[in-house]
Amino acid sequence: MSNEQQRQGVVGIVGAGLVGALNAIYFAQRGWKVELYELRPDMRLPVHRESRRGRSINLALSERGLSALRCTGLGLEDIILKASVPMKARMVHIGKQCTQMSQQYSVNGEHINAVDRARLNELLLDAAEKMENVTVHFEHRLTQADIETNKLEFVVADGTTKTYHTDLIIGADGAYSKLRSQMMRRMRMDYDQEYIDTGYCELSMPPAKGPDGKPTFALDPNHLHIWPRHTFMLIALPNPDFSFTCTLFMPFKMFDEIKTEDQLMHFFRENFIDSIPLIGEESLKSDFLNNPRGSLVTIKASPHHYQDKALIIGDAAHAMVPFYGQGMNCGFQDVQVLHEILDRHNVHPVFVDNKIRGLKEALDDYSGTRVKDAHAICDLAMYNHYEMRSAVTSMRYLARRKLEGI
Ligand code: FAD
């Protein structure tokens with residue numbers, strides 16, 4: 001074999017968020033040299049930890065995502081589950097009195113898990129960095145990609161530009177993916193983007209004081225709490241430190257109409273009265289008036305790859321509204337499915353005649369199966385927006401659950 005034939009394949013992954021970091025682990029485990037590029041500075045450094053305070057959100061991690069963590073064989077599932085809070089049911093706070101009704105997720109006691117996004121990302125970065133064939137480049141913002149010549153250009157911390165070549169380029173750079181937009185310049189990729197008129201704002205519910213003076217949860221921790229109000233809703237997910245992270249989902253117009261503290265308190269007294277003492281008036285006012293409003297978008301792209309050269313994964317390929325709690329879970333599953341397909345096609349990161357055998361066929365296969373699944377989850381997420389904010393209180397919905405024995 002010539003040197004060229006023996007060269008180890010290099011994969012460049014853009015984005016060291018949840019999906020990019022997990023994908024780096026999987027590729028490293030199958031023997032690739034992995035270059036992981038991330039726009040932000042290292043989130044694990046104390047200085048950046050500080051600036052994250054008050055902005056960290058929690059996520060529901062389900063079996064779909066757990067399975068992908070488990071498959072690494074690194075014990076990641078156990079570590080993150082130890083730092084999670086299981087949610088066995090939703091607790092619906094109904095009507096003006098906010099009467100609570102528990103609705104189990106499953107007759108078999110299955111549950112989802114509330115995890116801290118930053119903690120999970122740090123865990124994945126730690127695991128990736130421990131592998132000798134992974135290099136993480138922080139403060140690298142992808143600005144250009146030529147998917148024909150495998151060239152990536154980044155602006156780095158000091159404002160200069162750096163260029164890299166990798167054999168396979170993967171975009172795990174989120175909903176507004178730069179790699180996706182660069183791929184679209186070169187190939188026929190169908191692309192569909194839809195914003196909904198609902199935005200969101202996060203509010204923090206601190207721990208309560210238990211009878212013994214120790215911190216405890218202000219609400220039942222084993223539930224995902226929902227205050228469904230048809231056109232808007234409040235939800236709350238527990239954190240291991242006994243706090244809850246609440247998210248208010250509401251049409252932008254309604255956000256804009258609440259301009260003063262008095263208007264805010266009136267709105268909360270009318271709609272979420274039980275939450276006021278739990279969040280605390282001052283904290284509620286400060287969070288609502290200062291925290292950013294996020295927008296929610298569905299993105300569908302097809303195909304997800306270009307020949308044997310580039311691939312998008314996670315939100316870069318299929319961003320979805322968060323009401324099904326499956327965006328990250330689906331991104332983790334992308335990684336698992338991709339590597340099952342690479343196994344099936346016997347793809348090894350070794351160049352033979354300047355090609356990695358089976359890679360193109362494997363990526364064709366990946367888009368062939370994954371695109372339709374990703375689109376289906378995007379649609380389910382959109383439907384669940386209606387279910388969570390409205391249907392959960394309808395008589396028809398409750399009767400159906402009774403019939404199903406839940
Ligand atoms: P991201 O998390 O967006 O990561 C992309 C990474 O790429 C980032 O680190 C970013 O800095 C980096 N990057 C971006 N551009 C560049 C560039 N040009 N160069 C280099 N790096 C770049 N999902 C669930 O499964 N369960 C939930 O309960 C859940 N709740 C949610 C609640 C809300 C309010 C929202 C908004 C989303 C929720 N999601 C949930 C969805 C979940 O957050 C996303 O699906 C998940 O973060 C996608 O991960 P990702 O790694 O693909 O993208």
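Predicted model: local features only at pLDDT ≥ 70, side-chain atom pairs only at ≥ 80, totals over all residues.
Contact between the two takes 18 residues from domain 1 and 21 residues from domain 2.

**Domain 1 side of the contact**

- Two or more residues each come from β3, β4 (85–87), β7, β19 (294–302) and α14 (359–389) on the side of domain 1 that touches domain 2.
- Among these elements, β4 gives the largest share, 3 residues.
- By residue class, this side of domain 1 holds 12 nonpolar, 4 polar and 2 charged residues.

**Strands β3 and β7**

- Strand β3 spans residues 58–61 and strand β7 spans residues 112–116; they pair in the antiparallel sense over 4 bridges.

**The six-stranded sheet**

- An open sheet of 6 strands has the order β8-β2-β1-β12-β21-β20, with mixed pairing.
- Its edge strands, β8 (134–137) and β20 (305–306), each pair on one side only.
- The antiparallel strands β20 and β21 (residues 310–312) are joined by 2 bridges, and H305 stands opposite L311 of β21.
- Helix α6 (residues 117–129) packs on the sheet, where it touches β2 (33–37) and β8. The direction of α6 makes about 130° with that of β8.
- Helix α7 (residues 178–186) lies across β1 (10–14), β12 (168–171), β20 and β21. Relative to β21, α7 runs at about 130°.

**Nonpolar core**

- The largest nonpolar core has 101 residues, of which L22, A24, L124, A128 and I313 touch the most other members.
- Helix α2 (residues 18–29) gives the most to this core, with 9 residues.
- Because domain 1 and domain 2 both give residues to this core, it lies between them.
- Leaving aside neighbours within four places in sequence, A24 is in contact with I13, V34, L36, A128 and V134.
- A128, one of the contacts of A24, is also listed with A24 among the core residues that touch the most other members.

- Strand β9 (residues 140–146) pairs with strand β10 (residues 151–156) in the antiparallel sense, over 6 bridges.
- Across this pair, L142 has F154 of β10 as its bridge partner.
- The hairpin of β9 and β10 has 4 residues between the strands, and N150 takes a positive phi near 60°.
- Strand β10 also pairs in the antiparallel sense with strand β11 (residues 161–165), over 5 bridges.
- Here the bridge partner of K151 is H165 in β11.
- β10 and β11 form a hairpin with 4 residues between them, and G159 in the turn has a positive phi of about 90°.

Notes
Residues numbered from 1 in each chain as written. Pairing = 2+ DSSP bridges. Contact = placed C-beta atoms within 7 Å. Nonpolar A, V, L, I, M, F, W, Y, C, P; charged D, E, K, R; others polar. Axes fitted to C-alpha atoms, helices over the stretch in contact; angles between N-to-C directions. Core = buried A, V, L, I, M, F, W, Y, C linked by C-beta atoms within 7 Å. Buried ≥ 20, exposed ≤ 12 C-beta atoms within 10 Å, placed from the backbone. Domains from an automatic or database assignment.
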